[in-house]
Amino acid sequence: MLIPISNTPRDYSWGSTDLIARLQGREPTGSPEAEIWYGDHPGDPSDVVGAGGGTLDAALSAAGEPRLPFLLKLLAAGSSLSIQAHPTRAQAREGFAREEAAGIPRDAADRLYRDDNPKPEVIVALSDEFHALVGIRDLAATRRLIAALGDGPALTRLDALLAGDDPERAVRGALEWALTEATPADVEELTGDLARATDAEFAPEIEALRTAASDFPGDRGLFVALLMNLVVLHRGEALFAPAGVLHAYQSGLGVELMAASDNVLRGGLTPKHVDVPELLRVLDPTVGPVPLVAPRAVSSRAGETGAAAEFAPPVPDFALTRVELAGDPVAVQLRGAAIVLATAGEVSVEDGDERVALAPGDAVYVGGGVREVVLAGAGEAFVAHPGALVEA
């Protein structure tokens, strides 16, 4: 069963004004276009193209199809997203039950757990460069960066908090100070230090922080961003944000796949609600490099000239297969219901009974027990389907 789907770009303020339009080959609207959601998530289910219309969640319910365990997106950042982390499955279930019992409306601005699912996510860059802040940088490196910026009261305090023998305790203490005790004068001090900084070792990090300071003046999250790894993905490279890991995408276009959840604990660079105790409760304070995801080559049939590679983080909810097509068909094995999204060229999808042609930005749901789809054409597509892991 193939169901062509589409959706309207979401106009979050951090969205790019042109990246999604350029991918789709149309004129920009002039407004931010941040994300297009492909899936049956109740927050914004995809629209069914043709065949009576309606939304994908309604179509799947009518056909007796199960809910998707994942949500696929095109994400286009023109400025920083909020710094955020997501809960584990156990934390999500507990938090959701707690807020339900407290009677907090699910659409309330201070609601943290809008469902009882975790939200690990993987993103694959479509831009030549995709910038992101992810995870906590090695503390020795961060202290070198602080020393390069200045020795005012705020940075001296932050450096002292990072100087302890227990890195994870140091991270928690620094984050708690940044989000609860740092004053407007402290943020102004850091903003000024960044404007004057010329350190060569951390030039890209300083530029990213300057941009954040300009986009979010007076935001305490600037100190949080100071602690985070800066990563630049090139087209086809991917990173994974597991539960508890702080992350904030900065700029660029990518294909994002996540568990079907809307649970977000924010940590700054946002006008939205920040619950510091709850953020610290779900936080993974591990110090280290960015969790990149190396693609695994997927075996092809004899005669296939395209290439397929799977990004499979260690979660049961999803895996993402990137298919580069060079004219001949490529078969992709599925582990359950899937969504195929075209991102370049002309791509067709066939399940043995039906065939759907896709232009960049078009997608199709694959269900009804189909275990293999054949992609053809010349271009690029991504196949989202369940992961190989089985959760106990």
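Which side chains meet in a salt bridge at 3.0 Å, N to O, with R89 as one partner? In this predicted model, where local features need pLDDT of at least 70, side-chain atom pairs count only at pLDDT 80 or more, and totals for chains, interfaces and linings use all residues, the partner of R89 is D317. Residues are numbered from 1 along each chain as its sequence is written, and side-chain values use heavy atoms, with hydrogens and water left out.

A salt bridge is taken here as a side-chain nitrogen of Lys or Arg within 4 Å of a carboxyl oxygen of Asp or Glu. The R89 and D317 pair links distant parts of the chain, 228 residues apart: R89 belongs to helix α3 (residues 89–101), and D317 to the loop between β13 (307–311) and β14 (319–333). Helices (H or I, at least four residues) and strands (E, at least two) are DSSP runs, numbered from the N terminus. With a relative accessibility of 18%, R89 counts as buried, and D317 is buried at 9%. Buried means under 20% relative accessible area, exposed over 50%, and partly exposed in between (1.4 Å probe, protein chains only).

E310 is buried, at 5% relative accessible area, whereas R335 is partly exposed at 33%. Salt bridges also link E94, R98, E278 and R281 in a network.

Helix α5 (residues 153–161) packs against helix α7 (residues 184–196) at about 95 degrees, their axes lying 8 Å apart. That angle makes α5 roughly perpendicular to α7. Axes are lines fitted to C-alpha atoms, for helices over the stretch in contact, and angles run from 0 to 180 degrees between N-to-C directions; under 35 degrees counts as roughly parallel, over 145 as roughly antiparallel, 65 to 115 as roughly perpendicular and the rest as oblique. On the α5 side, P153, A154 and L155 meet D186, E189, L190 and D193 of α7, contact meaning heavy atoms within 4.5 Å.
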